[in-house]
Amino acid sequence: AISFYTTVWSLFNIGELTQTVEHAKEMNALYDPEKHGFLAYMFGLDLGVVNRCFGAWALWFLGYPDQAQEEYDLAMWHATKSGHPHTIAFALTGACEMDWFVGDKKAAKPHLEELTKISNEKGFIYWQAHAVFYQGEKTILDGKIEEGIAQMQQGLAMIKATGMQTCFTRLLARMAEACLKTGQIEEGLKAIHEAGEFREKYDERYMEPEHYRLKGELLLKKGESEDQVMKLFEQAVQVSKQQKSKSLELRAKM
């Protein structure tokens, strides 16, 4: 079970989305929550839930939003049924990301509230940090820009303090997008530059097309030449095609 768990996570991180879904399906067929649920207390997370979560994410990137949401809802159900607090916090964090992927603002609020509650109650610093970050994003989009950016930076600093840095390519893309929507161009470009550094350092590739697209969008608002911007959009399309990431390819083409 542990080998499938690490394989699915690793494949997703490097942008091998089709293989991620295939391995997640194999894991789902092998994993029995009744028989294997105790492993959550050995490894810190319910392995079946983790695989369903990453499998669902990969489905969204591949261009199957309905299937992705169904799979993630199932992962969330298994997490809740497990009663394992750390797994529940993990799944809620992933749900906050899925809400961002699909643009579901209605679902985002209750997921963030639940994540904040359980991470504070249990003292899960890593998941608390994500909740602070997501709240900062919400604050920015509510028009309180300086306060929101400070909250997002606080969340990132809290994550760094735990020693975990595997999520920064995604979180910094979220910061860049929030800055784009609120006209904070330099702050957004700074976030994208840092995201690129983490991408190259850890070979975390699944958000790579978004990095190029967002940089292009930010530079376009800054008034940079159309030729420079178009090269970034074309790069976003090219990488998304290589990864078979239909959702990000569509965003780049739009």
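Predicted model: local features only at pLDDT ≥ 70, side-chain atom pairs only at ≥ 80, totals over all residues.
Me: Which residue does Arg-213 form a salt bridge with?

Reply: For a salt bridge, look for a side-chain nitrogen of Lys or Arg within 4 Å of a carboxyl oxygen of Asp or Glu. Here the partner is Glu-177, with the closest N and O atoms 3.5 Å apart. Arg-213 sits in helix α13 and Glu-177 in helix α11, so the pair ties together parts that are 36 residues apart in sequence. Glu-177 is buried too, at 13%.

Me: How many salt bridges does a search of the whole structure find?

Reply: The search finds 17. One of them pairs Arg-199 with Glu-200, at 3.1 Å from N to O. Arg-199 is buried at 8%, while Glu-200 is partly exposed at 45%.

Me: And how many disulfides does the structure hold?

Reply: The count is 0. To read this feature, check whether two cysteine sulfur atoms lie within 2.5 Å. The sulfur of Cys-53 is 12 Å from the closest cysteine sulfur, in Cys-96, so that gap is too far for a bond. For Cys-179, the closest cysteine sulfur is in Cys-167, 17 Å away, again too far. Cys-179 is buried, at 0% relative accessibility.

Technical notes. Residues numbered from 1 in each chain as written. Heavy atoms only, no water. Buried < 20%, exposed > 50% of the residue type's maximum accessible area, 1.4 Å probe, protein only. Helix = DSSP H or I, 4+ residues; strand = E, 2+ residues; numbered from the N terminus.
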